[in-house]
Amino acid sequence: MIEGLVLILLFQGLGEAIGHFLLPLVPGPVIGLVLLLAFLTWSGRVHEGVELVSSAFMRYLGLLFVPAAVGVVMFLPHLQRQAVAIAVALLVSVIATIAVSALIAKALTRKKSDAG
Amino acid sequence: MRADLPNIHEIWVYLSGSPLLALILTLTAYQIGVMIYERSHLNPLANPVLIAVTLISIAISALDMPYAKYFEGAQFVHFLLGTATVSLAVPIYKGLPSLRGRWLPLSAALLGGGVTSIVTAVVIARLLGADETIVGAMYAKSLTAPIGMGIAERIGVSPTLTAVFTVTTGILGAALGRYVLDALRIREWWQRGFAIGIAAHGIGTSRAFSVNPEAGAYAGLAMGLHGVIGAIAIPWAIALLR
């Protein structure tokens, strides 16, 4: 497990460094993600340690953004004043996103099966 | 009794000065959230993050603990966001074979869904008079929170509001997704899952997994790909528009 964590941290460090010096617009960890993905594709398998660390993180992903989300206490008056705009925007947007994504996937699949 | 009071006070001062209190608070609140979520048979409305944030907010205001002080302790949990983001490579890698033969409908859906999620949220929030702090936090709200918050830092908007809108979006998407998909007569599990993953990231994915494993796998893949593509495209698009 430790070697898996070390590998992931190394990719994170590499990503952060590349992000800082070469690609300032892309979050460093995402560059690390892409590099790790390339490494996994190249090696053709997922190392057991990496697997363990990754599944632990995926299981408790929600916990990790709790500290930042608690910062909402500082925005409460701000959010209350604009509650209607926020609620409508989030609600309509998520429904539209699900609908558009699903309809595109369905439309392009049907075309393919009609042809074949 | 009176002799004990300074002691309790001293213990309290000592504890609240160390990161322990914030860490215990964070982990306990999250654990309570997970327990309630599991008791509710994974009802998206009983979201563990929502429960944890509510409990901690109540606790720190009752303790008169400023948010900055709380965060000082909880930052040890927060720090792991970057590491968790890197490890998202594993589920994406495992999901890649699912793209085979469905590459075109999936990438088109991802692109269309991603653009829809930003344009609808930003335009509606602006039309209804939301200020730029709020509008800015709408950009990354359909991406998985660790990536969305990284983007928020890059584009100079609030990571906190981004996280809050992200969780809200996830809960709404997980709760309403099936009705939207049923109304549109989307029957293939992979299409349903993928659409939920694009719109409602991890919360939608966990909902999709509880309904059907194929839907869950595609939702997870959509969440990962949307995160990576969004992290590259959103900051560039905003830099170009500004």
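This short talk covers two packed helices and two domains in chain B of a predicted model. Local features here need pLDDT of at least 70, side-chain atom pairs count only at pLDDT 80 or more, and totals for chains, interfaces and linings use all residues. Residues are numbered from 1 along each chain as its sequence is written, and chains are lettered from A in the order in which they are written.

First, the helices, which are DSSP runs (H or I, at least four residues) numbered from the N terminus. In chain B, the axes of helix 2 (residues 19–39) and helix 3 (residues 48–62) come within 8 Å and cross at roughly 140°. Axes are lines fitted to C-alpha atoms over the stretch in contact, and angles run from 0 to 180 degrees between N-to-C directions.

Contact means C-beta atoms, placed from the backbone, within 7 Å.

Next, the domains. Chain B is divided into domain 1 (4–87) and domain 2 (89–241), with bounds from an automatic or database domain assignment. Their C-alpha centres lie 27 Å apart. In chain B, 11 residues of domain 1 are in contact with 13 residues of domain 2. On the domain 1 side, helix 4 of chain B gives the largest share, 5 residues.

Key
Contact = placed C-beta atoms within 7 Å.
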